[in-house]
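Me: I have a set of questions about the terms used for this model and the values behind them. Please answer each from the value and its cut-off.

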Amino acid sequence: MNIIAADDEFLQLEKLMDSLKAAVPEANLVGFSKVDDVRDYAKEKKVDIAFLDIQMRGMDGLELARELNKLYSDINIIFCTGYDEYMGEAFREIRCNGYITKPVDPDQIREEFRHLRRP
């Protein structure tokens, strides 16, 4: 299972990666702080699950999710954000699989994994 995480705030990305490692130690995990790096990686390697912040420099996580959905129609998108006002758009337009408010912990991630539409 190939999982990516994207957050332009280094400390938040580090916390997310630590929580992911604790929740799914067997997964291949790659973290990104720049949207362009996510796009480049996703063009080269199949991504099964993407944990995305919504407010990032350069491109927001919603637009990045749209691009990832075009690359992989079966990708699972889970937003990790400090803002709940994007939840409607995330579920209605992006059809994301989950929405976690920060700070993220391993139990929240495990719960999201129990409810994946495309395990």
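Me: Where does Arg-95 lie?

Reply: Arg-95 lies in the loop between α4 (87-92) and β5. Before going on, note that this is a predicted model, in which local features need pLDDT of at least 70, side-chain atom pairs count only at pLDDT 80 or more, and totals for chains, interfaces and linings use all residues. Residues are numbered from 1 along each chain as its sequence is written, and side-chain values use heavy atoms, with hydrogens and water left out.

Me: How do you know which runs are helices and strands, and how many are there in the protein?

Reply: Both are DSSP runs numbered from the N terminus: helices are H or I with at least four residues, strands are E with at least two. By that rule the protein has five helices and five strands. Along the sequence they follow the pattern β-α-β-α-β-α-β-α-β-α.

Me: What makes the peptide bond from Lys-102 to Pro-103 cis or trans?

Reply: Omega is near 0 degrees, and the bond is cis. Pro-103 is in the loop between β5 (98-101) and α5.

Me: What is the class of Glu-112, and why?

Reply: Glu-112 lies in helix α5. Its relative accessibility is 15%, so Glu-112 counts as buried. Leaving out residues up to four places away in sequence, Glu-112 touches Ile-78, Asn-97, Gly-98, Tyr-99 and Ile-100, where contact means heavy atoms within 4.5 Å.

Me: What are the classes of Asp-37 and Glu-111, and why?

Reply: Asp-37 is found in helix α2, and at 35% relative accessibility Asp-37 counts as partly exposed. Glu-111 is in helix α5, and at 34% Glu-111 counts as partly exposed. For Glu-111 and Ala-23, 88 residues apart along the chain, the C-alpha separation is 9.6 Å.

Me: Why is α1 called oblique to α5?

Reply: Two packed helices are described by the angle between their axes and the distance between the axes. Axes are lines fitted to C-alpha atoms, for helices over the stretch in contact, and angles run from 0 to 180 degrees between N-to-C directions. The axes of α1 (residues 10-23) and α5 (residues 106-114) come within 8 Å and cross at roughly 60 degrees. Angles under 35 degrees count as roughly parallel, over 145 as roughly antiparallel, 65 to 115 as roughly perpendicular and the rest as oblique. That makes α1 oblique to α5. On the α1 side the contact is made by Leu-16, Ser-19, Leu-20, Ala-22 and Ala-23, and on the α5 side by Pro-106, Ile-109 and Arg-110.

Me: How do α2 and α3 lie to each other, and why?

Reply: The axes of α2 (residues 35-44) and α3 (residues 61-71) come within 11 Å and cross at roughly 5 degrees. The two helices are therefore roughly parallel to each other. Val-35, Val-38, Arg-39, Ala-42 and Lys-43 of α2 meet Leu-64, Glu-67, Leu-68 and Leu-71 of α3.

Me: How do you know whether the radius of gyration agrees with that of a compact globule?

Reply: The radius is taken over C-alpha atoms, and the globule rule is 2.2 Å times the number of residues to the power 0.38. For 119 residues a compact globule would be near 14 Å; the protein has 13 Å, which agrees. Of these residues, 46% count as buried.

Notes. Buried means under 20% relative accessible area, exposed over 50%, partly exposed in between (1.4 Å probe, protein chains only).
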